[in-house]
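Trainee: I would like to learn how to read the features of a protein model step by step. Could we go through one together, with the general idea before each case?

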Amino acid sequence: MNPILRDEEYVFCSVDPHNNNYLKLDPICIFREDEGLTLIVQRDRADAADMSYSSVFRMVTLSIHSSLDAVGFLATITSKLAEYGISVNPVSAYYHDHLFVPAARAGEVMKLLREFSTDRANV
């Protein structure tokens with residue numbers, strides 16, 4: 001799966017969908033919910049805009065081209081990380097899956113994903 005840890009720190013924020021000022025934040029993801037728009041933005045941009053958030057994440061991109069129809073791929077990965085008490089907020093995009101993991105545990109996540117990938121290759 002060749003995981004790639006991105007340098008930036010990211011946060012999840014919620015904004016009013018009727019206020020387009022959020023576009024200045026250049027979010028990497030926007031999701032419409034009943035309560036408002038959820039944005040995933042770089043932490044420094046959220047801080048500069050004085051936006052509230054509760055947790056800080058790093059993004060791990062699984063550089064294998066994954067199918068949007070794949071069954072169980074992310075479940076297997078998130079279950080493995082759950083065994084170590086690591087939360088994961090996955091986002092599936094057209095080409096890749098992306099995992100938002102607690103920033104403080106990003107190094108541990110990368111180690112586990114590499115081990116997991118090697119173990120699966122040897123099966």
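Trainee: Which residues of helix α2 are buried?

Mentor: In general, an α-helix has 3.6 residues a turn, so residues three or four places apart point the same way. In this predicted model, helix α2 runs over residues 73-82, and its buried residues are Leu74, Ile77 and Leu81. These three cover an arc of only 70° around the axis, which puts them on the same side of α2.

Trainee: How many salt bridges does a search of the whole structure find?

Mentor: The general idea is to look for a side-chain nitrogen of Lys or Arg within 4 Å of a carboxyl oxygen of Asp or Glu. A search of the whole structure with that rule finds five salt bridges. One of them joins Arg43 to Glu9, with the closest N and O atoms 2.9 Å apart. Because Arg43 lies in helix α1 (residues 43-48) and Glu9 in strand β1 (residues 3-15), this pair ties together parts that are 34 residues apart in sequence.

Trainee: Which residues are linked with Arg43 in a network of salt bridges, and how accessible is Arg43?

Mentor: The network links Glu9, Arg43 and Asp47. Arg43 is partly exposed, with a relative accessible area of 30%, and Glu9 is also partly exposed, with a value of 31%.

Trainee: Where do Lys111 and Glu115 lie?

Mentor: Both lie in helix α3, which covers residues 106-121, and they are four residues apart, about one turn of the helix.

Trainee: What joins the side chains of Arg105 and Glu108?

Mentor: Those side chains meet in a salt bridge of 3.0 Å, taken from N to O. Arg105 is partly exposed, its relative accessible area being 23%, while Glu108 counts as partly exposed at 33%.

Key
Residues numbered from 1 in each chain as written. Predicted model: local features only at pLDDT ≥ 70, side-chain atom pairs only at ≥ 80, totals over all residues. Heavy atoms only, no water. Buried < 20%, exposed > 50% of the residue type's maximum accessible area, 1.4 Å probe, protein only. Helix = DSSP H or I, 4+ residues; strand = E, 2+ residues; numbered from the N terminus. Arc of directions from axis to C-beta.
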